[in-house]
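Trainee: Could we go through this model by question and answer? I would like the terms spelled out as we go.

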Amino acid sequence: MSEPRYAIIGAGPSGLSAARALQRAGIEVCGYETSRGVGGLWDIENPRSTMYESAHLISSRTTTEFTEFPMESTVDYPGHRALLRYFRDFADRFGLTELFRFNTRVTALTRADDGGWMLRADGPDGSVEERYDGVILANGTLAEPNIPAFRGDFTGELLHTSAYKQPSQLAGKRVLIIGAGNSGCDIAVDAVHHAASVEMSVRRGYYFVPRYLFGRPSDTLNQGRPLPARIKQFVDRRVLRAFTGDPVRFGFPKPDYRLYESHPIVNTLILNHLGQGDLAIRADVDRFDGRTVHFRDGSRGEYDLVLLATGYTLDYPFVAREALNWTGWSPKLFLNVFPPSFNGLYVMGMIEASGIGWQGRYEQAELIAEYLTALRDRPESAADFRRRVADEPWPDLTGGYRYLGLERMSYYVNKDAYRRAVRAAAAVLRGAEPQTGGRGIRPRRRTASQKASA
Ligand SMILES: Cc1cc2nc3c(=O)[nH]c(=O)nc-3n(C[C@H](O)[C@H](O)[C@H](O)COP(=O)(O)OP(=O)(O)OC[C@H]3O[C@@H](n4cnc5c(N)ncnc54)[C@H](O)[C@@H]3O)c2cc1C
C-alpha cells in the first residue's frame, strides 16, 4: 500500500507550521501557495497580503516566535520585512520551501470516490488535479475584507484597510477611519503625519494596552500560571488605568464590556495623538451623502477618503461550506481544527486570540500530525479520539471570558485554555492522558449546534 499523502494550502506561518510538524512525523506533504514564496501576509508583495509599510508585530517577539527557531533579532516588535526574512529562514532551515509549489492557487477541493480529496489548482503549467488522503487548509483568516453595508453613497474614495499599503495614499486628504481595531489604530497613527485631517468613527469603547509596561513588552508579563478571568480583569484594568488613563477622556465611548472580552488594542500612540489634537473621535456612522458622513449623534463631517477598518471575514472559497460545518459566521470545528465528521480536512490558523503567537499555531499543527500518525500507526487510537469528540463535551476555550457576540469573535479563543485543550487532545491521541487536570477531551456542556453537527 502506498503512503498516505496530504496537501497543505498556504505557506504562511500556519502552513509552514503544518509542513514542519508533518515533516517531523515522517508524513509526506505537498504544499500549494498562490504567492511567490513563503511568509503569508508578512510578505507585503503577496497579492493577498494585508500588510502595510508601517506594520510591526503587535505581540512581542519572544511570545510570538516558534520555540524551536528563535528570531535572531533582539528587537521587541520587529517590522514586517524582518518577519518575512524570519519565515524564509525558518522554511529554508528545515527544508520546507521545497515542499511547496509556488504561484499556484488552489481553486477547488472535492470529495474523491474513495473518500480522499481531489485538489484542483492553477499554476505556472496550467491547471493540475491531484488526489490526497487529507488536506490542511492554512489559507489565512485576514485576507477577505469585511465590508459592512452603509446607508447612502459616499462619492469620495472608499478604501478597506486590506488595500492600504503606505501613508502616501492618505496625503493631503480629509480622512475618516471607520473602526478602531489594531490596523485602524496603526493607520490612524500613519495618517496624522500625512493627511489633511484625521477622524475616527467608533461604535464602542476599547481598551488600550501599552506596548511596554514596567519597562518590558506588556505581553511578557504574567506569563506563568494564568490568573482566573475575573481576577486578571480586575488587576489589569487597574494597571491600564494607571498607565493609559481613561480613553473616555479622549472621546471614546465607555466600553460596554469587560477587558479581554474583545481583542484589546496594543497601541497608545493613538492616545498621544488624541491628546495632541492630531485626530478626533466621532460617533458611529449613520449614513453617507456625497462627501458628507452623518453620524448617529446627529453631527456630520466632510471627507475625501473613508477608510474601512472593519476587519475580515473567514473565507474558504474552494470547498463546500458543509464540508467545514459552517455554523453562522464561522466553521464549527473541534478545537477550531477538525470538522466533526472527520472528513479528511484540517483547518490551521483559524484562531483569533490575544498572544497565541506562531507557537500556538505550531501546536495546532502538532495535534494534526499526532492524529495523522495515529491514523497510520494506531488506527484504534484515532477511532477512540473521534468517538470521544462525538460523545464528550467539547472543551471550553473561553478561559472564563464572555466574548462579545461579534463576527470576528466567533472563533476567538483564550490562549491558555486553548493551548491546554490542544495538549490534552494530543495526549489522548498518544494514549497518554495529561498529568494535570484529569481527562483529555472535556469541559463544559456542548452547545445545541455542536450536538446537531456531531
Ligand atoms: C498588520 C498585521 C499585524 C499582525 N500582527 C500579529 C502579531 O503581532 N502576532 C500574531 O500572532 N499575529 C499577527 N497578525 C496575524 C497574522 O494573521 C498571523 O501572524 C499569521 O500571518 C497568520 O498566518 P496564516 O498562515 O494563518 O495566514 P497568512 O499569513 O494569511 O497566510 C496564508 C497564505 O495562504 C495563501 N493562500 C490563500 N489562499 C490560497 C489558495 N487558494 N491557494 C494557495 N494558497 C493560498 C496566501 O497567499 C498566504 O500566503 C497580524 C496581522 C496583520 C495584518
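Mentor: Start with pairing: two strands pair if DSSP finds at least two bridges between them. Helices (H or I, at least four residues) and strands (E, at least two) are DSSP runs, numbered from the N terminus. Residues are numbered from 1 along each chain as its sequence is written. This is a predicted model: local features need pLDDT of at least 70, side-chain atom pairs count only at pLDDT 80 or more, and totals for chains, interfaces and linings use all residues.

Trainee: How many bridges join β10 to β13?

Mentor: β10 covers residues 197-201 and runs parallel to β13. The number of bridges joining β10 to β13 is 3.

Trainee: Which strands stand at the edges of the sheet?

Mentor: The sheet is open, with 5 strands in parallel pairing, ordered β8-β17-β9-β10-β13. An edge strand has a single partner, so one side of it is left without a neighbour in the sheet. The edge strands are β8 (157-160) and β13 (280-282).

Trainee: What angle does helix α4 make with β9?

Mentor: α4 spans residues 182-191 and packs on the sheet, touching β9, β10 and β17. Contact means C-beta atoms, placed from the backbone, within 7 Å. Axes are lines fitted to C-alpha atoms, for helices over the stretch in contact, and angles run from 0 to 180 degrees between N-to-C directions. The direction of α4 makes with that of β9 about 165 degrees.

Trainee: Is T63 buried or exposed, or in between?

Mentor: T63 lies in helix α2 (residues 61-64). Buried takes 20 or more other C-beta atoms within 10 Å of a residue's own, exposed 12 or fewer, partly exposed falls in between, and C-beta atoms are placed from the backbone. T63 has 19 such atoms within 10 Å, so the class is partly exposed.

Trainee: Which element gives the largest share of the shell around the ligand?

Mentor: A residue is near if its C-beta atom, placed from the backbone, lies within 6 Å of the molecule or strand. Of 34 residues around the ligand, G10, G12, G40, G140 and G349 come nearest. The elements giving two or more residues are α1 (13-24) and β4 (105-111). The largest share, 3 residues, comes from α1.

Trainee: Where is the pLDDT below 50?

Mentor: pLDDT is the predictor's confidence in each residue, from 0 to 100. The chain mean is 94, and 95% of residues reach 70 or more. The pLDDT is below 50 over residues 443-454.

Methods:
Two residues are in contact if their C-beta atoms, placed from the backbone, lie within 7 Å.
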